[in-house]
Amino acid sequence: MGTASGIIKALNSGIKHIATKRFTFRYPEQKLKFVGDGYQYDPDSGVGIAGYKGRHILFHDKCTGCQLCAIACEDIAEAIAMVKVPEQWKHNKKAIMPQIDYGKCVFCGLCVDACPFYALYMTNDYELSSFTKEALIYTPAQLQVKPKVDQDVEIQIDEKGANHG
Ligand code: SF4
Ligand code: SF4
């Protein structure tokens, strides 16, 4: 009797899920595209909200080398080092900009909040794994590159959680 009811339950569950949309996707061919409140990302500018679990984007034409981002990170992860850049900007006399070590960064976004010149933002570039620690250190030149947008699986986030779009 127990076995029979177990089979019926299993069949019932299987049948119920035939009509349910598949939630898994074929990563990395398919990737997530988060939309909805709290997950804004503008692919044109490369800018996402602070705290987004992707790497940063640095706008060299706005960075003054003030170091406030590095100071903000000091008590968090010490992930930011100010380094020389081979560029001349009137607004950045010392020619220094942040370099970020993603082996240390916890993606808190405090450096973004601390930047008074709107030069630093988070992006949706979350594929940061590497075989070496050195490759996790992103120079100012690497940080200015806009992430590629090739995600095609839309996930709508609402108060009930994630749903396929
Ligand atoms: S997001 Fe990363 S780099 Fe920025 S303050 Fe947090 S730990 Fe430091
Ligand atoms: S990114 Fe912003 S806070 Fe950091 S050095 Fe540049 S201007 Fe200052």
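Predicted model: local features only at pLDDT ≥ 70, side-chain atom pairs only at ≥ 80, totals over all residues.
Visitor: Where is L11 in all that?
Guide: L11 is in helix α1, residues 2–18. Helices (H or I, at least four residues) and strands (E, at least two) are DSSP runs, numbered from the N terminus.

Visitor: Is L11 buried or exposed?
Guide: Exposed, because its relative accessible area is 53%.

Visitor: How far apart are the end C-alpha atoms of α1?
Guide: 25 Å. The expected span is 1.5 Å times one less than the number of residues.

Visitor: New topic. How many helices and strands does the protein have?
Guide: Four helices and 10 strands. From the N terminus, the order is α-β-β-β-β-α-β-β-α-β-β-α-β-β.

Visitor: What share of the protein is buried?
Guide: Buried residues make up 33% of its 165 residues.

Visitor: What is the phi of A95?
Guide: Near 55 degrees, a positive value in a residue other than glycine. Most residues other than glycine have a negative phi. A95 lies in the loop between β5 (80–84) and β6 (96–101). A95 counts as buried, because its relative accessibility is 10%.

Visitor: And where does Y118 lie?
Guide: In the loop between α3 (110–114) and β7 (120–122). The phi of Y118 is also positive, near 55 degrees. At 56% relative accessibility, Y118 counts as exposed.

Visitor: Which residues are around ligand 1?
Guide: Among them are H56, C73, I76, A77, C105, F107, C108 and C111. A residue is near if one of its heavy atoms lies within 4 Å.

Visitor: What classes make up that shell around ligand 1?
Guide: It has 10 nonpolar, two polar and no charged residues. Cys and Ala count as nonpolar, and Gly as polar.

Visitor: How many residues surround ligand 2?
Guide: 15, and the closest are C63, C66, Q67, C69 and C115. The shell of ligand 2 divides into 12 nonpolar, three polar and no charged.

Conventions. Residues numbered from 1 in each chain as written. Chains lettered and ligands numbered in written order. Heavy atoms only, no water. Buried < 20%, exposed > 50% of the residue type's maximum accessible area, 1.4 Å probe, protein only.
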